[in-house]
Amino acid sequence: QKRMEIAYEHAQGNARQYRDQVGLLKASIAKLEAKAKGAQEVEVLKTKVQELEVKAKRAENLELEMAFYRAESQRMQCNMSTKDDMYKEVKSKAKALQQEVVHEKEKVRRLS
């Protein structure tokens, strides 16, 4: 009977020891799962960061392209205003020449 009690106590001790080990293993499993979830979240965040970096580069390229088009538009407007000024100048010279021709015709008509 004493052997039975010793065996029983030994079995209870082993059971306690195993329960404690199971508790520790469950805690470490929970930590590992949390790290795995954290690692998955980190990977998701890394992919999002990479996507955002690509979008930022695209936006920067679009910004440069828009600046180019603005400058090109301003250059074209300057060319148009220069052409308009030249057109107005040519038109006023043409009117002056027409008036001079009319004046000369009038002189010729009076002389004849």
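Trainee: Which helix is Glu89 found in?

Mentor: Glu89 is found in helix 1. Bear in mind that this is a predicted model.

Trainee: How many helices and strands are there in the chain?

Mentor: The chain has one helix and zero strands. Helix 1 covers residues 2–111.

Trainee: What share of the residues counts as buried?

Mentor: Buried requires under 20% relative accessible area. Of the 112 residues, 0% count as buried. The accessible surface of the chain is about 11,100 Å². Carbon and sulfur atoms hold 59% of that surface.

Trainee: Why is Glu89 called partly exposed?

Mentor: Its relative accessibility is 43%.

Trainee: How do you know which class His103 belongs to?

Mentor: Use the limits again. His103 sits in helix 1. Its relative accessible area is 46%, so His103 is partly exposed.

Trainee: What makes the contact between Lys93 and Glu89 a salt bridge?

Mentor: The cut-off is 4 Å between a side-chain nitrogen of Lys or Arg and a carboxyl oxygen of Asp or Glu. The closest N and O atoms of Lys93 and Glu89 are 3.4 Å apart. That is within 4 Å, so the pair qualifies. In general, side chains of opposite charge can pair when their charged atoms come close.

Trainee: How far apart are Lys93 and Glu89 in helix 1?

Mentor: They are four residues apart, which means a separation of about one helical turn.

Trainee: How do you know that Lys107 and Glu104 form a salt bridge?

Mentor: Their closest N and O atoms are 3.8 Å apart. The limit is 4 Å, so this pair also counts. Both residues lie in helix 1, three residues apart, about one turn of the helix. Lys107 has 42% relative accessibility and counts as partly exposed. Glu104, at 38%, is partly exposed too.

Trainee: What about Arg110 and Glu106: what N to O distance do they show?

Mentor: Their side chains meet at 3.7 Å, N to O, in a salt bridge. Arg110 and Glu106 are four residues apart in helix 1, about one helical turn.

Trainee: Arg110 and Glu106: exposed or partly exposed?

Mentor: Arg110 has 65% relative accessibility. Exposed means over 50%, so Arg110 is exposed. Glu106 has 26%, so it counts as partly exposed.

Trainee: Which residues are linked in a network of salt bridges?

Mentor: Glu106, Arg109 and Arg110 are. The structure holds five salt bridges.

Trainee: How many positive and negative side chains does the chain have?

Mentor: There are 24 positive and 18 negative side chains. The centres of the two sets lie 2 Å apart.

Trainee: Which residues form a nonpolar patch on the surface?

Mentor: Met66, Phe68 and Tyr69 form the patch, with about 340 Å² of accessible area together.

Note on methods: Residues numbered from 1 in each chain as written. Predicted model: local features only at pLDDT ≥ 70, side-chain atom pairs only at ≥ 80, totals over all residues. Heavy atoms only, no water. Patch = residues over 30% accessible without salt bridge, like charges linked within 9 Å, V, L, I, M, F, W, Y side chains within 5 Å. Areas by Shrake-Rupley, 256 points an atom, 1.4 Å probe, with all protein chains shown as cover. Helix = DSSP H or I, 4+ residues; strand = E, 2+ residues; numbered from the N terminus. Buried < 20%, exposed > 50% of the residue type's maximum accessible area, 1.4 Å probe, protein only. Lys, Arg positive; Asp, Glu negative; His and termini not counted. Charge placed at Lys NZ, Arg CZ, Asp CG, Glu CD.
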